[in-house]
Amino acid sequence: MSALISVQDLSIGFASDTVVQGVSFELHAGQCLALVGESGSGKSVTARSLLGLSGGSVAAKRLSVLGSDGRKLSDRQWRAIRGRQVAMVLQDALMSLDPLRPVGREITDALPHLRSRAERRRRAEAILGEVGMDDPARRAKQRSPELSGGMRQRALIAQALVNDPLVVIADEATTALDAQLTALVLEQLRAIKESGRAVLMISHDLAQVAQLADRIAVMRAGRIVETGPAARVLSDPQHEYTRTLLRAVPSGVPRFTPLSVTERHLPVERAEPSGTPALVATNLGKSFSGHQAVDSVSFDVPRGQTLGIVGESGSGKTTTARLVLGLQRPDSGSVSLLGEHFAPRRESARRALRQGLGAIYQNPLGSFDPRYTAGALLADALSRGRTRRVAGYRAQVSGLLEQVELDPGLIDQYPSQLSGGQRQRLAIARALAPQPAVLVLDEPVSALDVSIQATILDLLDRIQLETGTSYLFISHDLSVIEHMSDTVAVMHRGRFVETGPTAKVFGDPQHQYTRRLLTALPRFR
Amino acid sequence: MSRWARIGSTLFVLLLLLVALVPGWLAPGDPLAIDPAEAFQSPSPAHPMGTDESGRDVLTRVVHGARDSLVIGIAATALGMGVAIVLGTAAALSPRWLDAGILRLLEALYAIPSLLMALLIIAFTGPGVGPAIVAVGLSTAPGYARLVRSQIRTLRHSEMLQAATVLGRGTLLRVRNHLVPNALRPLLALITLGVGQAVIWASALSFLGLGTPPPAPEWGAMLAAGRTYLHLAWWMSLFPGLAIVVVAAGATMIGRALGGKVNAA
């Protein structure tokens, strides 16, 4: 059977840079091929070249898209292919859907002919039903802010499928989604594959790819370094880089076992926690205009230990973090830090205590003043806001940079000039400046590639062993929580439905919600 | 913004500063020296911009007028911005009732055309350079204050400010180190545009006889004086008028360049 898409020796260049080189693959009907690699490896550009959207200069021995020679197609001819024969599932449902238009119309925009309004509406409703949306007639009339996250994802997939394309490209379609939405998208992609269409999946996460792909091609620096049947690549990787990527997946890796190749092996000796817990929350509650975001949540974080809170988006994880950090006043309950009453309390009364409590956010860039260089941010943190000048704090600043393994040469760079991993390292360094007893980490690695995520998780492990800092680690990612936590709390609709030692919660879940969550956990080891 | 436009506006600023700081370098004569014999001379090599009704050299007066115009323009904008920062920040950070109160006050002031408000202020204080600065400055403040308020309100809930709170920074430090500087950054372009606008207004006040008193060389006042003799000596009005246009256009260009830079960052 001939391939729907056949690429041989594809090279794509921008000005003087060649970002893709010598890439070859084939995509057959009813098959899923995954292109795996970190950001900048050229996987997205490769996928876009199949739609004539690479934006660079494309050269190839063969670039056959459904029988047409992609090297010779005019813009007009590409338009006939795009969205009709080859479609793309967009990544971010919140950004990709126009908030002011009904989703039904967003979906039928891609219909080619001038069909009647009734016909368009019927098609939108049919396709929404096909992707599992309940009550499609009503949903088609709603706008994206009225829909839940899961429904938006379904709408995006419907948008890609509306013209019955033969090939569907999913470019990081599951990145940054919580476990249940990821499972939903994967299930939809599987249905597409099983209906005889071909799926090209682009991802940086081997664990997710493992659940769907028939073949895997691992890309690095614009080249395919390894390709083969999925089972073989995952169980018996030939290339060093594939092994690095596989090792970076935290799922099922015991605590303090390094995920990155560069991390030296850590001593696993840890003192048993003793004395008062570093952080205690008692019966926390918070509601927003009638909606109970956090409902009687209690926990304690022993010294030098990690409590992981896992849950879907909207389960109340971030609100819990904000209550603990004193950014929001709880309706009920209290928080104490190192045995001292911390919240609810007047800000001026607890300011001195704040030195004991640090925070790391998902998007470190947003938490930095854009006018400060890396050095200025650290000097500001060390001097408690008195100065931005590094001069008086040079030794401490370089100490912090060393602790988080940041190149001292970056001291005069602005955060916007740093990479995602470097920014998170800088954020960790800043949080460590006052030598806090507790760090609250709210989705600290969710915006990072798996390989970068591995190095940051290793760093956090090492810091905990060296300094005895306690972590309150919040994430939607089950495998990250499993790897990082001593104790796990599963959060659902504002409540802790299950709490216990990590091995117990993951090995023998008691609550049915936990069990449901765990079915979405990718396992391939 | 092209490289040439950037170089052009930089040169323009330098030239303007030079003219304002050492007017004698470009026009060595005395701007007030009367020579009735030389009155109403059309432009010639001896008087490149001609002379006025009292025989004063128009070029010398235009050059010497730059300082007053610039001082009024910059000082008035600085005053307006200063008032705006205080009012806007206070409104944005106050409890809701006070915010609403300040906002209604600003809206009431905003409803009065700025030039009319400037005239009102002059009516109380009497004409002069100082009153002109106060009048132009205060009449631009309500507009700026509303912008500052909305900037601060957006920033107040940003992660950057939360991070500062978590690091244990007090309100004063947060406002001084993060809120105000970051709120003003995007307004920089607008402030520069405002200087051009203030120069025009200052000239307008002088034109109406409410700014710098004669015989001091001031562009608006010169324009007004030349108006009487427009049929006889067009150069008396044209050159001061051009000076106003050039300064306003220059400030606009620089403002746009800054705006592009801030947006790109």
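**Exercise 1. The sheet of chain A**

How many bridges join strand 8 of chain A to strand 9 of chain A, and do these strands run parallel or antiparallel?

*Solution.* This is a predicted model: local features need pLDDT of at least 70, side-chain atom pairs count only at pLDDT 80 or more, and totals for chains, interfaces and linings use all residues. Residues are numbered from 1 along each chain as its sequence is written, while chains are lettered from A and ligands numbered from 1 in the order in which they are written.

Step 1. Helices (H or I, at least four residues) and strands (E, at least two) are DSSP runs, numbered from the N terminus.

Step 2. Take the pair. Strand 8 (residues 167–171) and strand 9 (residues 198–203) of chain A are joined by five bridges and run parallel. Two strands pair if DSSP finds at least two bridges between them. Within this pair, Ile169(A) stands opposite Leu200(A) of strand 9.

**Exercise 2. Two helices of chain A**

Find how helix 7 of chain A and helix 8 of chain A cross, and which residues make the contact.

*Solution.* Step 1. Get the geometry. Axes are lines fitted to C-alpha atoms, for helices over the stretch in contact, and angles run from 0 to 180 degrees between N-to-C directions.

Step 1. Classify. Helix 7 of chain A is therefore roughly parallel to helix 8 of chain A (angles under 35 degrees count as such).

Step 2. List the contact (C-beta atoms, placed from the backbone, within 7 Å). Helix 7 of chain A supplies Gly149(A), Gly150(A), Gln153(A) and Ile157(A). Helix 8 of chain A supplies Leu181(A), Leu184(A), Val185(A) and Gln188(A).

**Exercise 3. Chain B against chain A**

Which helix of chain B gives the most to the side that touches chain A?

*Solution.* Step 1. Count. 16 residues of chain B are in contact with 16 residues of chain A.

Step 1. Assign. Helix 7 (159–166) and helix 8 (171–184) of chain B each supply at least two residues of that side.

Step 2. Helix 7 of chain B gives the most, with six residues.

How values were computed. Angles under 35 degrees count as roughly parallel, over 145 as roughly antiparallel, 65 to 115 as roughly perpendicular and the rest as oblique.
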